[in-house]
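Here are some notes for a colleague who is meeting this structure for the first time. Please read them with the model open beside the text.

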Amino acid sequence: MENHVVIHEQVRSNQVKTALLIIFYIVLIIILSLSIGYYADNVVLGAGIAAFIILVLLPIQILTGSKMIGSRTNWKEIDTSNPGERRVANIVEGLSLAAGLKNPPKVYIIPTSTPNAFAAGLKLENSYIGVTTGLIDILDEPEMEGVLAHEMSHIIQRDILVSTVSIYLMSAAIILGGILFRMARYNMFFGGRGRRANRDSGSGNAAAAFAVIALAGFVLSFVIRLLAQLINLAISRKREYIADANAVRLCGYSEGLADALEKISGSSTDYSKEQVEDLGGDEMLAIYIFNPKHSLASLFSTHPPIEERIRLLRNMY
């Protein structure tokens, strides 16, 4: 009971942090867009850019997410006449009952020998789990149950929706920051808005002062975006730990998921270009249960070290 309370508190804390991060990204996008409009001598244009990104492109990104994933991975619906695929479907149905879901998530099979799995979907009733043929081939039933319980936990915790939104907003902020930098650099060397200020005020120092402000604004936006990305990745790593712990609660034991992670990571310590493409590309790796891409600094990793996850799982009772 005590472990359940601790996990519940961690989930709630993670949800609050994620909500604050999304709000921060929205505010940052508005500031960057208005800054671009200011440089272009058209603040209304900047406001329009922000509105288009938040009110038009974001909903499109959310609504078309599943189609994009399907086209990238060449997935197919599960074939219950196949014994291995039928085993996956039966486990998902059992876990759905244990988790109290009215309808089990759809299951899709990804035709690649690389063992991995992911969960996606915006709402509980429209969620789905992707499993590779390679995963079906190497895992026994307790191991497969551990992996599917982990993915089910992501669905229950609404991790997929917040990940989709935060990754999109972070990408938009990075693009806007790059545009703002180019505009600031152009104004520093060629005048632009600063030149107009110089003409209107008659002050010879206006353009230089504005250039300094523009450079300071870019540096600040870069630092803010870097910190936001680090926070986003930290929350992502925390979500993996929580999903592992919730998977243990669903299954009632930890060895299945620990053994599965050991097999999955042991099958390939690094992915080839072909493997990455089969799994849907670099951007898709962040939502899989295992991401072999290692950063020079763990702060820039989407997943916690696999060895640490296995160690924690083996110490759960």
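1. In this predicted model, helix H10 (residues 255–267) and helix H12 (residues 306–314) pack with their axes 8 Å apart and at an angle of about 160°. Since angles over 145 degrees count as roughly antiparallel, H10 and H12 are therefore roughly antiparallel to each other, and their crossing is left-handed.

2. The contact between these two helices is made on the H10 side by Glu255, Leu257, Ala258, Asp259, Leu261, Glu262 and Ser265, and on the H12 side by Ile306, Arg309, Ile310, Leu313 and Arg314.

3. Pro111 has a relative accessible area of 52%, and because exposed means over 50%, Pro111 is exposed.

4. Which residues is Pro111 in contact with, once its neighbours within four places in sequence are left aside? They are Thr73, Asn74, Trp75 and Thr133. Of these, Trp75 is 36 residues away from Pro111 in sequence, while the two are 6.7 Å apart in space, C-alpha to C-alpha.

5. For the protein chain as a whole, the secondary structure comes to 12 helices and 4 strands, and 46% of its 317 residues count as buried. Among contacts with a separation of 6 or more, 71% are accounted for by residues 24 or more positions apart. The accessible surface of the chain comes to about 16100 Å², with 62% of this belonging to carbon and sulfur atoms.

Note on methods
Residues are numbered from 1 along each chain as its sequence is written. This is a predicted model: local features need pLDDT of at least 70, side-chain atom pairs count only at pLDDT 80 or more; totals for chains, interfaces and linings use all residues. Side-chain values use heavy atoms; hydrogens and water are left out. Buried means under 20% relative accessible area, exposed over 50%, partly exposed in between (1.4 Å probe, protein chains only). Contact means heavy atoms within 4.5 Å. Accessible areas come from the Shrake-Rupley method with a 1.4 Å probe; for residues, only the protein chains shown count as cover. Axes are lines fitted to C-alpha atoms, for helices over the stretch in contact, and angles run from 0 to 180 degrees between N-to-C directions. Angles under 35 degrees count as roughly parallel, over 145 as roughly antiparallel, 65 to 115 as roughly perpendicular and the rest as oblique. A crossing is left-handed if the near helix is turned anticlockwise from the far one by less than a right angle, and right-handed if clockwise.
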